[in-house]
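Please consult the sequence and the structure shown here while reading.

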Amino acid sequence: LGYVNGVFTLLDIKTGLPYNDHVIQGGAYYNALDDKPDQVMYVYLDSIIERNPKQEGSIRIFNKEELTEGYEEFKRRYVDFIMPNVDE
């Protein structure tokens with residue numbers, strides 16, 4: 001947790017590729033904190049030459065609305081995981 005360009009941010013550094021589901025993880029992080037950040041920032045530093053031949057990093061930032069939606073998806077998936085046969 002810290003400030004990035006003056007914005008209170010939770011920063012997560014990944015050593016692999018970006019995944020759309022990182023918003024779900026970010027939403028869980030966001031909701032676990034008492035002091036909510038304004039955003040969650042993922043910095044991707046993929047060092048696998050075959051996937052990232054130029055060895056360039058990338059950044060993805062999720063805002064509060066995206067994190068709230070990600071957390072809702074986290075809760076849905078969690079319920080499906082712990083109670084997979086409830087609807088049957």
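Which residue in E3 does Thr 9 stand opposite? Thr 9 stands opposite Gln 39 in E3. The model is predicted: local features need pLDDT of at least 70, side-chain atom pairs count only at pLDDT 80 or more, and totals for chains, interfaces and linings use all residues. Residues are numbered from 1 along each chain as its sequence is written, and side-chain values use heavy atoms, with hydrogens and water left out.

**Sheet**

- Four strands form an open sheet of mixed pairing, in the order E1-E2-E3-E4; strands (E, at least two residues) and helices (H or I, at least four) are DSSP runs numbered from the N terminus.
- Strand E1 (2-4) and strand E4 (58-63) are the edge strands, each pairing on one side only; two strands pair if DSSP finds at least two bridges between them.
- From one strand to the next, the twist averages 45 degrees.
- Strands of a sheet pair through backbone hydrogen bonds, either parallel or antiparallel.
- Strand E2 (residues 7-14) pairs with strand E3 (residues 39-44) in the parallel sense, over six bridges.
- Val 40 in E3 is the bridge partner of Leu 10.

**Burial of strand E3**

- Six of the six residues of E3 are buried, so this strand is largely enclosed by the rest of the structure.
- Buried means under 20% relative accessible area, exposed means over 50%, and partly exposed lies in between (1.4 Å probe, protein chains only).
- Both faces of E3 are covered, with Gln 39, Met 41 and Val 43 buried on one side and Val 40, Tyr 42 and Tyr 44 buried on the other.

**Helices against the sheet**

- Helix H1 (residues 22-32) lies across E2, E3 and E4 and runs at about 135 degrees to E3.
- H2 lies across E3 and E4, running at about 80 degrees to E4.
- For these angles, axes are lines fitted to C-alpha atoms, for helices over the stretch in contact, and angles run from 0 to 180 degrees between N-to-C directions.
- Ile 24 is in helix H1 and counts as buried at 11% relative accessibility.
- Leaving aside neighbours within four places in sequence, Ile 24 is in contact (heavy atoms within 4.5 Å) with Gly 70, Glu 73, Phe 74 and Arg 77.

**Nonpolar surface patch**

- Phe 74, Tyr 78, Val 79, Phe 81, Ile 82 and Met 83 make a nonpolar surface patch of about 610 Å².
- Patches are made of residues with over 30% relative accessible area and no salt bridge; like charges are joined within 9 Å, and nonpolar side chains (Val, Leu, Ile, Met, Phe, Trp, Tyr) within 5 Å.
- A salt bridge is a side-chain nitrogen of Lys or Arg within 4 Å of a carboxyl oxygen of Asp or Glu.
- Accessible areas come from the Shrake-Rupley method with a 1.4 Å probe; for residues, only the protein chains shown count as cover.
- Phe 81 is in helix H2 (residues 64-82) and is exposed, with a relative accessible area of 68%.

**Loop residues with positive phi**

- Most residues other than glycine have a negative phi.
- Asn 5, in the loop between E1 and E2, has a positive phi of about 55 degrees although it is not a glycine, and counts as exposed at 80% relative accessibility.
- Gln 55, in the loop between E3 and E4, has a positive phi of about 55 degrees although it is not a glycine, and is partly exposed at 38% relative accessible area.
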